[in-house]
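Here is a short briefing to read alongside the structure.

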Amino acid sequence: MTEPGRPRIVHVGFYCKDLKASVAWYKDVLGMEEQFGMPGRAQALGFGGEKDDHDIFLVQAPDHYAEPTPMHFDYETLTPTKGRVGFYHVAIDFQSFEAAMQAYGRALARNTLLAKGVQHGDGRGVYVRDPDGNLVELFSFNDCVDDAEARKFLVAYPGSEGRGGGFSMDVAATYEKWRASRKELAEV
Ligand SMILES: [Fe+2]
């Protein structure tokens with residue numbers, strides 16, 4: 001008999017103010033695919049792979065549900081400035097810095113709001129807000145395929161290095177640096 005595997009998270013569910021807008025955001029920014037759903041009521045989304053397995057489950061919120069209260073941080077110090085107890089964020093491993101930056105580019109194109117950027121001990125994350133303000137961390141691990149490349153682009157806020165094993169990323173500057181290098185590549 002095979003050993004039972006470790007328990008794992010199967011999916012994360014969100015109530016959405018506007019299901020259609022949220023489905024569009026998760027598909028477009030994160031590159032997710034629609035799986036099963038109930039039109040106008042709920043939609044399962046996944047990154048493909050295992051059958052009947054979805055990563056995010058979006059549900060249309062009833063009208064009487066309370067408004068979301070997005071969390072805010074000081075970009076430079078990462079100090080939380082506004083928020084509430086409860087769900088904090090869901091992190092998506094993009095497997096590469098390149099893919100995470102591409103996702104951030106798509107997020108920007110949809111006027112997605114940035115919450116913060118962090119070079120953690122184990123990887124780096126850019127925290128953006130979905131249409132309801134839920135934080136989604138666009139993540140790539142330190143051992144991802146293009147980590148050495150990624151480190152050339154990371155811009156830290158001065159004085160933030162070494163704090164808590166990482167630093168606060170100046171996401172706008174990092175993204176611009178990465179984008180400029182991509183432009184150069186395209187022109188060669
Ligand atoms: Fe995280």
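A42 stands opposite V59 in β4. That pair is a handy place to start looking around this model, which is a predicted one.

- Strands β3 (residues 42–46) and β4 (residues 56–60) run antiparallel, and 4 bridges join them.
- Both belong to an open sheet of 4 strands with mixed pairing, in the order β1-β4-β3-β2.
- Which strands stand at the edges? They are β1 (12–16) and β2 (33–38); each has a single partner strand, so one side of each is left without a neighbour in the sheet.
- On average, neighbouring strands of this sheet are turned by 20 degrees against each other, direction ignored.

**The helix across the sheet**

- Helix α1 (residues 19–30) lies across β1, β2, β3 and β4.
- Relative to β4, helix α1 runs at about 160 degrees.

**Where the domains meet**

- The protein is divided into two parts: domain 1 covers 12–60 and domain 2 covers 72–187.
- Between the C-alpha centres of domain 1 and domain 2 there are 23 Å.
- Domain 1 brings 11 residues to the contact, and domain 2 brings 11 residues as well.
- On the side of domain 1 that touches domain 2, β1 and α1 each supply at least two residues.
- The largest share of that side comes from α1, with 6 residues.
- Sorted by class, the side of domain 1 that touches domain 2 has 7 nonpolar, 1 polar and 3 charged residues.

**The nonpolar core**

- The largest nonpolar core has 39 residues, and those touching the most other members are Y26, A100, A103, Y104 and L138.
- Elements that each supply at least two residues of this core include α1, β3 and β4, along with α2 (97–109), β8 (114–119), β9 (123–129), β10 (135–141) and α4 (171–187).

How values were computed:
Residues numbered from 1 in each chain as written. Predicted model: local features only at pLDDT ≥ 70, side-chain atom pairs only at ≥ 80, totals over all residues. Pairing = 2+ DSSP bridges. Axes fitted to C-alpha atoms, helices over the stretch in contact; angles between N-to-C directions. Contact = placed C-beta atoms within 7 Å. Domains from an automatic or database assignment. Nonpolar A, V, L, I, M, F, W, Y, C, P; charged D, E, K, R; others polar. Core = buried A, V, L, I, M, F, W, Y, C linked by C-beta atoms within 7 Å. Buried ≥ 20, exposed ≤ 12 C-beta atoms within 10 Å, placed from the backbone.
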